[in-house]
Amino acid sequence: MAHVVAAARAAGLDPIVVVVPPTDELGDLDLGVIRRVVNPNPVEGLSSSVRLGIRALELDKDVDAVAILPGDQPLVRPDVIRALLVALDQSPATPFVVARYADDGAPNPIVARRSIWRLADELAGDRGFGPVLATHPELVRMVKVGGANPDIDTAADLDRLVATDPASRNVS
């Protein structure tokens with residue numbers, strides 16, 4: 001999680017909202033200045049965290065879009081986030097901008113304009129906006145980026161990542 005927050009900060013995102021489970025597994029992890037939102041029902045999947053994160057920003061009228069950065073993707077890079085923000089500026093009528101990684105096709109992170117946030121209320125399960133993006137490609141601008149952005153959901157996933165990319169040993 002710390003690497004994802006650091007990437008968001010390095011990309012210039014502000015404010016940064018981190019959605020945590022009721023047990024707040026982040027504990028005393030120093031993430032700097034962030035807004036911490038507790039998800040009382042994390043078993044509902046990513047969709048519930050997306051909804052809560054967006055709701056935490058609804059009253060902040062200076063926020064025009066939200067970058068959704070899953071905490072289980074520690075290889076996300078600041079340059080990718082910045083590329084999405086540039087693409088958003090270049091596509092004022094497009095509600096979603098999504099990274100598409102060359103090595104694994106991963107469709108994260110995404111940036112969603114405020115005009116589309118209401119769709120978060122219809123999300124279900126552990127795919128976040130994924131089904132909306134798949135069903136409505138006309139709402140999406142894809143940005144091709146190099147590398148990969150794997151999900152690290154288990155210790156075995158992390159072991160595989162470190163085995164293939166020793167530099168990733170420092171992600172958290």
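**Exercise 1. Which residue in β5 is the bridge partner of V97?**

Solution. The model examined here is predicted. Begin with the two strands concerned: β4 spans residues 96-101 and β5 spans residues 110-113, and they pair in the antiparallel sense over three bridges. Within this pairing, V97 has V111 of β5 as its bridge partner. As background, strands of a sheet pair through backbone hydrogen bonds, in either a parallel or an antiparallel manner.

**Exercise 2. Determine the strand order of the open sheet and identify its edge strands.**

Solution. From one strand to the next, the twist averages 20°.

**Exercise 3. Describe helix α1 and what covers its buried residues.**

Solution. Helix α1 comprises residues 2-10, and its buried residues are A2, V4, V5, A7 and A8. The elements covering these buried residues include β1 (17-20) and α3 (78-90). Just after α1, G12 adopts a positive phi of about 95°.

**Exercise 4. Identify the elements that supply the largest nonpolar core, and locate I81 within it.**

Solution. The largest nonpolar core holds 24 residues, and L69, V76, I81, V97 and Y101 have the most contacts inside it. At least two residues of this core come from each of α1, β1, α3, β4 and β6. The largest share, five residues, is supplied by α3. Turning to I81, and leaving aside residues up to four places away in sequence, its contacts are A7, A8, A11, L13, L69, V76 and P109. Another core, of 19 residues, lies apart from this one; L57, F96, V98 and V140 are among its members.

**Exercise 5. Is N149 buried or exposed, and which residues does N149 touch?**

Solution. The residue is located in the loop between β6 and α5 (155-164). N149 counts as buried because its relative accessibility is 2%, and buried means under 20%. When residues up to four places away in sequence are not counted, N149 touches Q73, L75, V76, Y101, D104, A106, N108 and P109. For N108, a specific distance can be given: its backbone oxygen lies 3.1 Å from a polar atom of the N149 side chain.

Notes
Residues numbered from 1 in each chain as written. Predicted model: local features only at pLDDT ≥ 70, side-chain atom pairs only at ≥ 80, totals over all residues. Heavy atoms only, no water. Buried < 20%, exposed > 50% of the residue type's maximum accessible area, 1.4 Å probe, protein only. Helix = DSSP H or I, 4+ residues; strand = E, 2+ residues; numbered from the N terminus. Contact = heavy atoms within 4.5 Å. Pairing = 2+ DSSP bridges. Axes fitted to C-alpha atoms, helices over the stretch in contact; angles between N-to-C directions. Core = buried A, V, L, I, M, F, W, Y, C linked by side-chain atoms within 4.5 Å. Polar contact = N/O pair within 3.5 Å; in protein donor to acceptor, adjacent residues only side chain to side chain.
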